[in-house]
Amino acid sequence: TKSYQIAVLSGDGIGPEVVKETIKVLDAVSQTYVFELHYHNALIGAVAIDQANEPLPEHTIAVCKRTDAVLFGAIGDPKYDNDTNAAVRPEQGLLALRKELGLFANIRPVKAYNKLINQSPLKENIIQNTDLVIFRELISGIYFGQKSISADGRAASDLCSYSQDEIENIAHLAFQAADKRNKKLTLIDKANVLETSRLWRRVVQSLAAQYPTVEVEYMFVDNAAMQLILNPKQFDVILTENMFGDIISDEASVIGGSIGLLPSASIGTHTALFEPIHGSYPQAKGKGIANPIASILSGAMMLDHLGEHDAAEAIRDAVLHTINEGVLTPDLVKESTYSTTDVGNKIANHVRFRTGHRYQD
Ligand code: IPM
Ligand code: MN
């Protein structure tokens, strides 16, 4: 039987709780589709600072590099958020790992589920049937440019820079995705102001000739922020730089009704990494109220990446059924009594049942 080595980096806050449910679902699906998953836990984030004095220990990098995929939970701890002088921050762990693994493309699909249409504050006719995917550049731009602070602490700077190669790498993936989907690609930039954005436009314009079936559109990020909630159905594949992608993907999560639903895949030159787009939600830690669906769907994206497409589809199908039954955490159903574990169990049971295994409660 095929077997895959999976690095498990649960991280902070609700990370361990949602990852636990994901592993439950992955184990259920791997039985049916007859492959083995072997898990290798490693530290990252605030827990790594606490236990190993650094947000990304060498050992964690080594584990990630020798595995077939990385399953990532969440990162961040409020004790660092207001400490602007902290020497090390949990987030550095994730940023450094993205860089180490060369994860240049972060892929974030956004969908409106019919059953959840009313959970979104946006109007039904606006969001119904939304199906888009954001390709966010992940290891360059302002996140990784030179940072500085003046000696007197009264001035600071973050440099935003991009190279043609960096843009081409992710642009090719976005064009290919558009070609397989609804054949439209929207580059979101600020080319009326930023030199880096003008470079993005030139690169995308010149690649467009290689993808004649794909319609290309250019949109300034301020307008895009508005268009995304005015008329999200106009989008198919969105391509954008690191920070714009970070911001508009949280915005886009409102379409689905909860940020607790959105998964992501980060693809690069080494092992790929799969993580929910949400953060560590420290207020919910240990309360059993975290929504595990974003993590579980990230697990499905991981299986797709490993070539286990049927198993990935079985997970998505089980998630859909669970959503349709209303077995959901309180972010989606007010005063819901279903816990993180209940949702995970339900999805795992659907996977077993729908794929021919005996249903067990
Ligand atoms: C995300 C997160 C990260 C980011 C943080 C935790 C560094 O917000 O994955 O979207 O800004 O990329
Ligand atoms: Mn973010």
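Q: Which exposed residues are carried by the face of helix 9 turned away from its buried side?

A: That face of helix 9 carries D222, N223 and L230. Helices (H or I, at least four residues) and strands (E, at least two) are DSSP runs, numbered from the N terminus. This is a predicted model, where local features need pLDDT of at least 70, side-chain atom pairs count only at pLDDT 80 or more, and totals for chains, interfaces and linings use all residues. Residues are numbered from 1 along each chain as its sequence is written, while chains are lettered from A and ligands numbered from 1 in the order in which they are written.

Q: Which residues of helix 9 are buried?

A: Within helix 9, which spans residues 221–230, V221, A224 and L228 are buried. Looking down the axis of helix 9, you find these buried residues within an arc of 45°, so they line one face of the helix. The arc is taken from the directions running from the helix axis to the C-beta atoms. Their cover includes strand 8 (184–189), strand 9 (215–220) and helix 10 (242–256); residues are in contact here if their C-beta atoms lie within 7 Å.

Q: How much confidence does the predictor have in the chain?

A: pLDDT is the predictor's confidence in each residue, from 0 to 100. Here the chain averages 96, and 98% of the residues score at least 70. For the complex, the predictor gives an ipTM of 0.99 and a pTM of 0.95.

Q: Which residues surround ligand 1?

A: A residue belongs to such a shell if its C-beta atom lies within 6 Å of the molecule. Around ligand 1 you will find I75, G76, E91, L94, L95, D246, I277 and G279. Helix 5 (residues 90–100) gives the most to this shell, with 3 residues. By type, the shell holds 4 nonpolar, 2 polar and 2 charged residues.

Q: Which way do the residues of strand 10 point?

A: V237 and L239 point one way, I238 and T240 point the other way, and all are buried. Strand 10 also pairs with strand 8 in the parallel sense over 4 bridges, where T186 has I238 as its bridge partner.

Q: What is phi of V34?

A: Most residues other than glycine have a negative phi. Phi of V34, however, is near 55°, a positive value. V34 sits in the loop between helix 1 (15–32) and strand 2 (35–41). V34 counts as exposed because it has 10 C-beta neighbours inside 10 Å. N53 has a positive phi too, about 65°, and lies in the loop between helix 2 (46–52) and helix 3 (58–66). N53 is exposed, with 9 other C-beta atoms within 10 Å.

How values were computed. A residue is buried if 20 or more other C-beta atoms lie within 10 Å of its own, exposed if 12 or fewer, and partly exposed in between; C-beta atoms are placed from the backbone. Two residues are in contact if their C-beta atoms, placed from the backbone, lie within 7 Å. Ala, Val, Leu, Ile, Met, Phe, Trp, Tyr, Cys and Pro count as nonpolar, Asp, Glu, Lys and Arg as charged, and the others, Gly among them, as polar. Two strands pair if DSSP finds at least two bridges between them.
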